[in-house]
Amino acid sequence: MGGDPTGDGSERVAMVVDEDRCIGIGQCELLEPDVFRLGDEDAISRVVDGADLPRARALELVDRCPSGAISIADA
Amino acid sequence: MADTTKGPASPADIASPTIYLDGIPHEGFAAIREVDGLVWHPYGDQGDRSGFWAVTRHADVREVSKSPDVFSSAIGHTNLWDLEADALEARRSLIDSDAPDHTRLRRVVSKAFTPRTTRNWEGMARDIAAELVEDFVADGGGDWVGKVAAPLPIKVILAILGVPTEDADYMVELTNYLVEGTGEGTSLPDDAYGNTTPTRLLPFNSPASHALYEYAEKMRQLRMAEPGEDLVTGLLEAEADGERLTAAEYRNFFQLLVFAGNETTRTAMIHGAMALAEHPDEWARLQADPSLVVRAVDEVIRWASPILHMRRTASRDTELAGTPIAAGDKVVMWYAGANRDPEAFDDPYRFDVGREDNPHYAFGGGGPHFCLGAFLARMEIQVLLEEMLARDVVLAPGSAPERLASNFVHGVSSVELAVA
């Protein structure tokens with residue numbers, strides 16, 4: 001895991017979707033429509049280019065993905 | 001507490017279907033939640049030996065749901081009784097699959113049920129809800145199940161599938177027979193609806209599944225000849241591209257969508273309406289602040305716990321809540337228990353339309369089997385509440401509900417409600 005210099009979860013982090021695990025439920029797009037977008041044809045979630053979230057919110061999205069497909073892109 | 005062959009004996013019976021004629025045994029679930037670790041519950045013709053681990057705490061249901069590699073949906077059965085291998089194979093659907101089969105099957109239908117797609121159906125659902133509510137009020141009340149809660153979700157799922165609305169009553173009739181299969185057994189003779197398949201090979205051991213298979217085949221032929229924009233066409237096109245759906249997968253999908261798309265949402269609407277009739281102060285709160293409707297929807301769903309349990313089977317030796325579990329053991333997640341766990345909900349026995357923190361597991365505990373129709377169900381319940389609010393409909397208790405003897409669906413076959 002990468003560092004969290006602020007320690008309060010406000011540091012912005014990028015996210016990754018494992019497209020092999022995603023089953024297209026759409027919880028992520030519902031919760032963060034500016035960050036996640038389901039494909040119009042395949043309903044697989046992808047991260048919008050350049051989008052990020054505060055670490056605390058990112059962890060919540062990781063937790064609430066039923067497929068376990070979302071993770072934080074730590075360097 | 002006496003030890004059984006596996007672990008501490010359950011302090012309460014939560015599996016006998018007839019218990020549910022009096023409603024969910026909440027005191028029994030509370031007693032089980034309070035035992036350290038897991039309890040072993042007798043079940044079936046071998047009593048203690050064919051029993052199951054009863055998982056009733058919110059955190060434990062979550063752990064089972066989120067560990068599909070350890071707690072399999074594809075072994076044994078997802079209901080309490082085991083199926084022989086050929087029966088399991090004949091009726092296998094999305095519900096009874098693990099990855100990678102589950103992933104492949106789920107992706108065939110996922111696009112039709114995302115939050116974004118669901119919004120496309122909202123106007124249609126609202127029109128249906130408005131008409132049913134207006135008729136209910138014009139009649140001065142009556143059987144809420146037959147007049148509102150059953151027709152609304154079946155009409156919506158049939159429209160999505162592309163099945164003619166005039167067959168809605170027939171579909172409700174068939175799925176009602178399926179629910180019987182989770183209780184004391186079907187009341188139908190084995191050859192009902194022209195069935196010739198051994199019933200042990202049919203979903204819910206019911207000849208009504210044969211009728212749904214026949215209907216699925218009729219729809220297949222109709223849409224092969226004349227494709228539409230509907231989900232049956234979508235299933236068939238997924239089948240047609242070579243490797244996705246087999247004939248058995250298609251008909252089991254059709255059967256599952258008709259069943260799950262109406263019995264569950266119906267059940268939520270029944271318990272929701274009963275709760276609102278019994279708690280007029282909560283309805284008045286919603287009338288005073290309609291912005292609470294989104295929270296009210298989830299509280300209705302938590303309160304209802306339409307599906308009481310789902311079973312998993314341990315694929316290897318493991319441990320849960322400090323209790324060792326052997327490969328092959330049945331592990332049963334009782335959503336009905338998790339949804340009243342005081343560790344997860346403040347004042348869990350209070351029906352609170354404004355409940356802020358409501359992580360209920362009525363759609364499952366959060367793993368890959370998360371309810372496919374969760375967003376559709378929420379939308380349907382929301383438009384129903386909104387159409388009632390728009391007409392200032394106030395429900396009041398009428399007769400006691402006629403409940404089902406099922407430990408699987410928290411079903412009510414009829415309940416009279418009055419319009420105050």
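**Notebook: chains A and B**

I began at Ala288(B), which sits in helix α14 of chain B, residues 280-288. I keep in mind that this is a predicted model. Is Ala288(B) buried or exposed? I looked up its relative accessibility and found 68%; the cut-off for exposed is over 50%, so Ala288(B) counts as exposed. I then took the distance from Ala288(B) to Leu188(B). The two are 100 residues apart in sequence, and their C-alpha atoms are 48 Å apart in space.

**Entry on the rings**

Next I looked up aromatic pairs. The count over all chains is 14. I picked out one of them, Trp40(B) with Trp53(B), where the ring centres are 4.9 Å apart and the planes stand at 75°. I noted the pair as edge-to-face. Which parts of chain B does this pair tie together? Trp40(B) belongs to strand β1 (residues 39-41) and Trp53(B) to strand β2 (residues 52-55), so the pair joins parts that lie 13 residues apart in sequence. I also checked accessibility here: Trp40(B) and Trp53(B) are both buried.

**Entry on the interface**

I turned to the contact between the chains. Chain A brings 21 residues to it and chain B brings 17 residues. The buried area between chain A and chain B comes to about 1,500 Å², and carbon and sulfur atoms give 49% of that. Which residues of chain A lose the most area to chain B? I found Ile23(A), Ile25(A) and Pro66(A), which together make up 38% of what the chain A side buries.

How many salt bridges are there between chain A and chain B? I get three. One that I looked at joins Arg116(B) to Asp40(A), with 3.0 Å between the closest N and O atoms.

Last, I asked which elements make up the chain A side. Both α1 (27-31) and β3 (36-38) of chain A supply at least two residues of the side that touches chain B. The largest share is that of α1(A), with three residues. By residue class, I sorted the chain A side into nine nonpolar, three polar and nine charged residues.

Methods. Residues are numbered from 1 along each chain as its sequence is written. Chains are lettered from A and ligands numbered from 1 in the order in which they are written. This is a predicted model: local features need pLDDT of at least 70, side-chain atom pairs count only at pLDDT 80 or more; totals for chains, interfaces and linings use all residues. Side-chain values use heavy atoms; hydrogens and water are left out. Contact means heavy atoms within 4.5 Å. Buried area is the accessible area (1.4 Å probe) that two parts lose on being put together, summed over both. A salt bridge is a side-chain nitrogen of Lys or Arg within 4 Å of a carboxyl oxygen of Asp or Glu. Helices (H or I, at least four residues) and strands (E, at least two) are DSSP runs, numbered from the N terminus. Ala, Val, Leu, Ile, Met, Phe, Trp, Tyr, Cys and Pro count as nonpolar, Asp, Glu, Lys and Arg as charged, and the others, Gly among them, as polar. Rings of Phe, Tyr and Trp (its six-membered ring) pair if their centres lie within 6.5 Å; planes under 30 degrees apart count as stacked, over 60 as edge-to-face and the rest as tilted. Buried means under 20% relative accessible area, exposed over 50%, partly exposed in between (1.4 Å probe, protein chains only).
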